[in-house]
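Morning, everyone. I have one structure to show today. Let me put it on the screen.

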There are 2 protein chains.
Amino acid sequence: MDSGGAGDGVELTFLLGLGFQLVLAEFTRRLAEVGYADLRPVHGMAFQALKGRGATATELAERLGVTKQAAGQIVDDLERRGYVRREPHPEGGRRKLVVLTAAARDHLAVAGRVLHELEAELAGSADIGALRRELARVVRTLHGEDGLPPLRPVW
Amino acid sequence: MDSGGAGDGVELTFLLGLGFQLVLAEFTRRLAEVGYADLRPVHGMAFQALKGRGATATELAERLGVTKQAAGQIVDDLERRGYVRREPHPEGGRRKLVVLTAAARDHLAVAGRVLHELEAELAGSADIGALRRELARVVRTLHGEDGLPPLRPVW
DNA sequence: TCGAATGAGTCAAGCTGCTTTACTCACTGA
DNA sequence: TCAGTGAGTAAAGCAGCTTGACTCATTCGA
């Protein structure tokens, strides 16, 4: 045993965590290099959740898997920095529609490009199709068929 | 496109995070069920780092990827709850050797069993060998050949 | 032999990102 | 008309780290 390289004899859970951590760290590093050092992964997740028609802070909270207060704080932060705007909600009430600004859409485009470049590079040394397929099976086994749960920013 | 189930059309990074989060959550849930609701993943990592001859708090800090103060706080906590002891270091100095108690060794045994049961169950619906192999390749590509970095408990 | 440097440990304060609690306010509907 | 509902928000609390500053045993060099 211990015949090969990194990963042999290591717990699967540990390997999953390391894979995620290293890919995310490399992604974050590259984004910082092109000027997005001020945005954490959760901000990108928020952009994903808001793209299209936008959402209320409470809807955002559900999609991110946090409390509405936490979502409100994230929106405060992003609004202060010009990535989102709060608009009156078309359906009225106390609701406000949080929508992306052009700055956020730029970030989404750049992040998508960086992500796919990184994946293409990894495809040089790993079978990304197989990795993706087996990960999807694991996720489906543990969470069922109905959509995907929020990816929480903590253990 | 979008031909199958969960995971198609989802970013690889997201899928990695989700896989890790779901496997870790299920592992933690099962451990809590058998009486270890008081131990977080980082405690299991500390036990792994300390098993064998033990280590100083500073060595533990390096292996966990945190400051020595944080490691000291973790050791305080685990000592208070009877999972580790501080012994005088055989090589003297101000050093103290942190060693596991029987309670921690019991936990390591149970956690190992639970982890392998979980992996065996997942093997019913996913090719764990392939998953492990491709993850190891990704890790090696991003971190190189020399060992494995610490798995940090935060994004 | 003395004294500065080294390195482990620890105390205290600070910070971040979340939660909990508690409220305000716009609308709804019996 | 007025209690109920649901979105938003204000404030405090908390966990788990970090940073900064210190003590003290040991070492090593002038």
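Let me start with a term: two residues are in contact if their C-beta atoms, placed from the backbone, lie within 7 Å. Keep in mind that this is a predicted model.

Now the interface. How many residues does the contact take from chain B and from chain A? It takes 48 residues from chain B and 48 residues from chain A. Look at the chain B side. Three helices of chain B each supply at least two residues there: H1 (12-33), H5 (102-122) and H6 (128-143). H1(B) gives the most, with 15 residues. By type, the chain B side that touches chain A divides into 29 nonpolar, nine polar and 10 charged residues.

Next, how the copies are related. A rotation of 180° superposes chain B on chain A, with 0.0 Å of shift along the axis. The RMSD is 0.0 Å. The two copies are therefore related as by a two-fold rotation axis. The interface fits in here too. Of the interface residues of chain B, 100% are also interface residues in chain A, so the copies meet through the same surface.

Now chain A on its own. Its secondary structure comes to six helices and two strands. Along the sequence, the pattern of chain A reads α-α-α-α-β-β-α-α. The C-alpha trace of chain A spans about 65 × 35 × 25 Å along its principal axes. Chain A has 155 residues, and 33% of them count as buried. Last, contacts in chain A between residues at least 6 apart in sequence: 44% of these join residues at least 24 apart.

That's my tour. Over to you.

Definitions and conventions:
Residues are numbered from 1 along each chain as its sequence is written. Chains are lettered from A and ligands numbered from 1 in the order in which they are written. This is a predicted model: local features need pLDDT of at least 70, side-chain atom pairs count only at pLDDT 80 or more; totals for chains, interfaces and linings use all residues. Helices (H or I, at least four residues) and strands (E, at least two) are DSSP runs, numbered from the N terminus. Ala, Val, Leu, Ile, Met, Phe, Trp, Tyr, Cys and Pro count as nonpolar, Asp, Glu, Lys and Arg as charged, and the others, Gly among them, as polar. Copies are superposed by least squares on the C-alpha atoms of residues with pLDDT of at least 70 in both. A residue is buried if 20 or more other C-beta atoms lie within 10 Å of its own, exposed if 12 or fewer, and partly exposed in between; C-beta atoms are placed from the backbone.
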